[in-house]
Amino acid sequence: FLFILVGGWLATDVWRFLGVYLGDRLSEASDLLVLVRALATALVAAVIGNLIAVPSGALAETSLALRLAAVAAGFAAYMLLGRKVIVGIIASEAVLLGGILAT
């Protein structure tokens, strides 16, 4: 347990400390931070796409149409109701749960 705790701490905290150390030295408009933001956004989009296209677990039991409808509803709610992420998440979950309960 101690080995896992120390190994996990070292693997993550080094990057956190490095981020804090370098964070003040970089401009928000720097090419490096633009690249980091683009990569982070691409990774999130890939995970969401994977959950829609090839889900696992309980989500795999839902239809593709229901998953796409939930994504569309969440995006529409996000855009129409003030661009708040939580609104999009709640709308997506409501459509997904409603579809699951309806079947």
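Helices (H or I, at least four residues) and strands (E, at least two) are taken here as DSSP runs, numbered from the N terminus. On that basis, the secondary structure of the chain amounts to four helices and zero strands, and its elements follow the order α-α-α-α from the N terminus on. The model is a predicted one, in which local features need pLDDT of at least 70 and side-chain atom pairs count only at pLDDT 80 or more, while totals for chains, interfaces and linings use all residues. Residues are numbered from 1 along each chain as its sequence is written, and side-chain values use heavy atoms, with hydrogens and water left out.

The C-alpha trace spans about 50 × 40 × 20 Å along its principal axes. The radius of gyration of the chain is 19 Å, whereas a compact globule of 103 residues would have a value near 13 Å; this quantity is taken over C-alpha atoms, and the globule rule is 2.2 Å times the number of residues to the power 0.38. Of the contacts (heavy atoms within 4.5 Å) with a separation of 6 or more, 28% join residues 24 or more positions apart.

Buried residues account for 14% of the 103 residues in the chain. The chain exposes about 8,100 Å², of which carbon and sulfur atoms supply 76%; the areas come from the Shrake-Rupley method with a 1.4 Å probe, and for residues only the protein chains shown count as cover.

Part of this surface is a nonpolar patch of about 960 Å², made by Val14, Trp15, Leu18, Tyr21, Leu22, Leu26, Leu32, Leu35, Val36 and Leu39. Two elements, helix H1 (2-23) and helix H2 (31-53), each give two or more residues to the patch. The largest share, five residues, comes from H1. Patches are made of residues with over 30% relative accessible area and no salt bridge, like charges being joined within 9 Å and nonpolar side chains (Val, Leu, Ile, Met, Phe, Trp, Tyr) within 5 Å. Tyr21, found in helix H1, is partly exposed at a relative accessible area of 49%.

What about charged pairs? A search of the whole structure finds one salt bridge, defined as a side-chain nitrogen of Lys or Arg within 4 Å of a carboxyl oxygen of Asp or Glu. Asp13 pairs with Arg16, their closest N and O atoms being 3.1 Å apart. The two residues lie three residues apart in helix H1, so about one helical turn separates Asp13 from Arg16. Asp13 counts as buried at 11% relative accessibility, whereas Arg16 is exposed, with a relative accessible area of 55%.

Conventions:
Buried means under 20% relative accessible area, exposed over 50%, partly exposed in between (1.4 Å probe, protein chains only).
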